[in-house]
Each structure stands twice: as C-alpha cells, then as structure tokens.
Amino acid sequence: MSIRILTIEDDQRIRTAVRFALEDEGWSVLEAETGEQALEYFNSTIPDVVLVDIGLPGIDGFEVCRALRRSSDVPIIMVTARDGTSDVVAGLEAGADDYVTKPIAPKELSARIRALLRRVRSEDKAAAPRSIGDLDIIPDEGVVRKSGDEIHLTKTEFHLLCELSDHLGKVLSREHLLEQVWGYDYFGDGRLVDVHVRRLRTKIETDPARPRHVVTVRGMGYKLQP
Amino acid sequence: MPRYRGLPWRRLPLRARVIGAFTLGAAVAALVLVIITYGLSRQSMLRQREESSERQFFANARQVQSSLRAEDPDFTQLLESLPSLSGSRSIIRTGDETWTSLSLTPNDLPSELVIAVVEARDARSLRYRLDDQPVLAFGLQLRPGGASTLDEVAYFELVPLVEVENTLESLALILLVGGALTVLVGVGIGFWASGGLLRPLTEISYAATSIAQGRFDTRLEEVRDPDLAALVNSFNEMAAAMENRITRDARFASDVSHELRSPLMTLRASIDVMEHRREELSDRTKQALDLLNDEVARFEHLVQDLLDLSRSDSGPMENDLVNIEELVKATLELTENDASLEVIGTARGALVMGDKRRLAQVLDNLLRNAQKYGGGVTRITVAPNGGKIEIAVEDSGPGVAPSERSLVFERFTRGAAARKRGAGDGAGLGLALVDEHARRHGGSARVEGKSDGEPGARFVITLPRAGRR
C-alpha cells in the first residue's frame, strides 16, 4: 500500500501544488482544509505522515498537533511561515517531530518526509534490549519501560533515546543527534534536539527539572547515564 | 553626525578627570596648609628664641658693663661666670684685644656685625652660619666708665640655633608626609566618589550595550535621586519608544514577507511539478520555465533576506559554538561552490559563538555577491587576527571604489558594479544582511582591495573568537 500523506492547509492553491509535487514522488496525498476536518478524517484513517500548517482558521496547527498526539504517534511535520524561536518551539512542544519553513521546495519537503518514514521503519533494525537504571529499552518492540511500567514515546523520542543509549555515558553533540535521528546535514536546527530532549525527559525522568538520565553537557550536547 | 569634542582636558576619561580634580584639590589644600603651618611655626619659634636670647644677652651685657668699673677686669673669668643659655658663647672686644669663651676664636665673629655695632654704638643682631651651624649673634658697644682705662669695649654673644633648626626640620618632614598623605587620601576619595558618581553612567552604558545587542526590553531601574531620575526616565522612555518602533517595523517587514511566502510556496511547488514533466514541454515552454525558475529563486532569496533583516532587528539569536572551518566547508558544499578555501594558522578549528545558519547565510550572500558582480570567487581565507577570526572572500571583478566601501553595506544601496548590471538584478539587501549578521555576532564586515594589488574586491567578516572547547 502506498504511503499516505495528510496535508492540513487552508490555502487551496498551496494544497493543490503540494499535492501535485508529492504525488510526483509516488505518494498518495489526502487534503484537509481545517484542523477540525483533519481530526474528523483521522477517526477513520490513519495516514503515514501529517503535514500541518500552523496558521489555520479555527483550531490552529499547534492544537491539531496536541490533539493528534493524544491518540497517536503519527509522524507530524509542522509547516510554518514564521521560523521565529517561539513558533518553532511551540510547534515542537505541541508534538511535531520536525518543522519546515514556507516556502519550502518540494524536493526538500519530500526529503524530510522520507527521513521521518525511515525513522518509523528503523525498528526493523534489530538491536539488543538494554537496561539503563530503572529504564528498560526493547528496540525490537519499540517499547520502553520505567520501573516495569510501559512509557509511551513517539517514534522520534524513541529513536533519540535509542541513539543516546547506543552511546551510553558518552556526550553526543546536537549535530550528531540531528544527523542520526533526523537525518539532517550540517545545517539542522539544534532546537529540534533541545525540545525533543525536554519532551523525552518529561516522560522518562522521575523529576524532569532535575534529569538523572538525559543530562545536558553545556556547550557540548547530551548524554544518557543510568 | 556632529559630535562635541571639547577641550583636550575633556577628552580624558571622565573618571580620570574626577580623580585628577580631587587629587589637584587635595594637593593645593595640602600645599597651602603646609606652607602656612611651617611659616607660622618657624616665625614664632625663632621669635621666641630671639626674645629669650636677647633678654639674656642684655643681662649678660649689664654684667660685663658693671665689671668694667673695676680697674683691671679679668675678662677670662668673667666670660666663664656668665650664665649660658643653651650653649651660648660670648666674646668681649676691647680696642686691641679680644676675649672669647671656650672653643671660639676672634675670627668667628662676622666683621659686618662688628662694624655695625661699632658704628651704631647700639645693640645689633645678626643671623649667620658658623661652622655650618645656624647662629644668632648679638653685639653691643659698651661705655666703660669709672676707673677703666679702656675706651672701646664691645660685648658679643653667639646663640646657637641648631635646636630650633632641627625642630623646624622635623616639623617640615612631618608636614610633608602629612601633605603627601592628604594628597593620597584625595586620590582615594576621588576614586571612590567617581565610582559612585559614574555608577549610574556605567549602568546606563551596560543597558545601552544590551539594547544594542538586541535585548530591546532592557530598562534602567528606577532611582530616587532627583538628578538621576530625570536621566533614567528619559533613557527608559527612549528605550521604550525605540523598542516600539523596532517591533512595529519588524512586524511590518515580517508580515509582508510572510504574506509573500505562501504564494512563493505555490510557485515553487508548481514549477517543480512542471520540471518533473520537462520532457513533455516544447523548447519554448522549457525556456519560459527556466526563466520562471530563476526569477522565483531570486524572489525567494529576496524574501528570505528581507525576513532575516527584519528578524535581525528584533529576534534573539541562536547561540552555539560554531567551528568556522566546518561552517565554511558545509556552506560551500550546500551552495555547490568549489572555491578554494585556505585556513591559516590557529584559525584551524577556531570556534565562534553564534547562529550557524545565519553565519552560513552571511557567507552565502558574499559568495553570491562575488558571483554576480565580481566574476566569481577566486579565494576564501579563514585567518586569525588577534582574538578574532577573519573570513575573507575575494573575487576578480572591478572591486569596490574606496568612496563606496562603507555604502555597499547599507540597505537598498548597490555599488557601481551592481548598478551597471541593471535595475533588475538584486535589491541591495544581501550585503546589508552580511553587515547586520556580522554585527549581531559582535563582529563587523568590511570591503577592501586585494592585498596583492590585483583588481578585485576582498570582503572580510571579522568575528570574535570563542574559547576553545
């Protein structure tokens, strides 16, 4: 079955042009004009990737992200016309896996989508289960347990945790994580890492304000420790 | 911009001037005090000594006078019997003979005093130095009477002033030390007072620097001091007005660019869809598509520059340690530019604190600039310069005339080379952005001629170096 991409965008011209461009990649594209319409659509079909515009009439893109995250870990790419820190961080906090800035070239957009899809499927890559302090990570099943209770992580968060645990106790730079987890080259946005680490902490740390597992090493990056 | 420069003295740092004024004041006060104290003490001590010596001199003179009544006065014994106040010594001179106290010779008496005494027939005194010791000498012509056969007798007394002089010397020393201490205290007070005086100025300067670095919400704390309150209030009002205006301008520019982004996205996607079907198009349509493609690319760049300029006016910067060499390499790779890169000396591995995407944009704009107006990049160098790192992009174009060198970094200005290319090419934002971003990173941008004298421009970005990792 072909990959289904849901674009949520109120501008009909953009929607159509983007649909054409993505269909050229061999994907099938579903369109939603508003957030409400997208959520309704979501009740019946789960797409493989969601592109959500921030500036929507009615409920905005941030709200759509949060609503989708409540029920699903579907990969979400936020499409924003503003790449100021507040918009980007708010979108990532709301649950987006990645963001792109308008006007994005379709080639770049499809590269982002492909990177996300790769991440979703990389569970196939067999890796041994591991225990880090009170955390149990089972890459094959995509499951993380904290003191025996299963924690729900998005694919990106899970991938980030796996990457950190692959190098237990070693400091990984933001560039390294951007490349390994998001598939970015040199110019990836470090804020992606920061926000995802923050979100990961709220899920796996007993006290997210004083993280024990995912530690920030100032000026260098992050490391995972038991 | 006209600036008041003032007198040479005013060009000294304010603090130095305040301290200088305090020091000068203290020095003058100390000097006056020392001179007056010394003068008065000296005068009164000398007068006291003179008066007591004079009293004794006359008493002794009366004794000598009375001894003259004897027929043959034994002056030697007399001289021994005369009371001596603090080591005073006496001399008696008759017409042809001279008697002196111990350790004195007739020649010890200054002849001017002898002559004055003899001529005046009256008491005279004189201060002079005997054997390098200060001495006060008194002399009086006596009138022998009674049985005396002598007709000319003069009595002299030499009073040593060495004690007085020693005391005065000690006093002078004490006064000098005191004066020096006063000056030091003056310097100290000047230092302290100027610190207090300048603290508000220092705070204002910090606040202004902070605003210049983009934290437009910086304000000074309210103060009670009425003199300062006016300054603080007007500074804060100015900062608020400026912040308002900057955010308004920035919002306008960002709104405009934002509105331009949506149609651009449709254009870009549609062009890509057409590119995908390039083979289905006729030659003429292909050409038209290429034109469209180029123009949309230029438009995208313009909107991006505008947006970045509006953001660099307002938004905060990402701060990361950026390896300059890696950055330049990555940018060259991204823009598919194969210009030769030369990294010199300690610039290898040098780090800069900043936003790498903006720095890459700076470099990208310089590369584009060289491409468009300078006949392509000939060389890129990254070199250390003191605590800074210089990235230089050289081209082999016509160069930039010295008179235009600061102008090319202004918004919407274009150099002669750009004007020659016609109005449609570039809006004059690229270099403005280079300048803004360099400055937001605590650095600067400039253009110069090539060092080897060949025609061409050399654009240099200077960035402060961050500590090593």
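**Nonpolar cores**

In this predicted model, I8(A) and V50(A) touch the most other members of the largest nonpolar core, which has 49 residues. A nonpolar core is a set of buried Ala, Val, Leu, Ile, Met, Phe, Trp, Tyr and Cys residues joined through side-chain atoms within 4.5 Å; buried means under 20% relative accessible area, with a 1.4 Å probe and protein chains only.

- Helix α8 (residues 190-204) of chain A gives the most to this core, namely six residues.
- Apart from this core lies another of 38 residues, including V322(B), I324(B), V382(B) and A457(B).
- Neighbours within four places in sequence aside, I8(A) is in contact (heavy atoms within 4.5 Å) with A32(A), T34(A), G35(A), A38(A), V50(A), L51(A), V52(A), D53(A), L56(A) and V64(A).

**Helix pair**

- The axes of α2(A) (residues 35-44) and α3(A) (residues 61-71), lines fitted to C-alpha atoms over the stretch in contact, come within 10 Å and cross at roughly 15°.
- That angle makes the two helices roughly parallel, a class for angles under 35 degrees.
- G35(A), L39(A) and F42(A) of α2(A) meet V64(A), A67(A) and L68(A) of α3(A).
- The residues of this contact comprise five nonpolar, one polar and no charged, with Gly counted as polar.

**Buried glutamate**

- E163(A) lies in helix α6 (residues 155-166) of chain A.
- E163(A) counts as buried because its relative accessibility is 9%.
- Beyond neighbours within four places in sequence, E163(A) is in contact with L172(A), H176(A), L177(A), Q180(A) and V181(A).

**Conventions**

- Residues are numbered from 1 along each chain as its sequence is written, and chains are lettered from A and ligands numbered from 1 in the order in which they are written.
- Local features need pLDDT of at least 70 and side-chain atom pairs 80 or more, whereas totals for chains, interfaces and linings use all residues; side-chain values use heavy atoms, without hydrogens and water.

How values were computed
Axes fitted to C-alpha atoms, helices over the stretch in contact; angles between N-to-C directions. Helix = DSSP H or I, 4+ residues; strand = E, 2+ residues; numbered from the N terminus. Parallel < 35°, antiparallel > 145°, perpendicular 65-115°, else oblique. Buried < 20%, exposed > 50% of the residue type's maximum accessible area, 1.4 Å probe, protein only.
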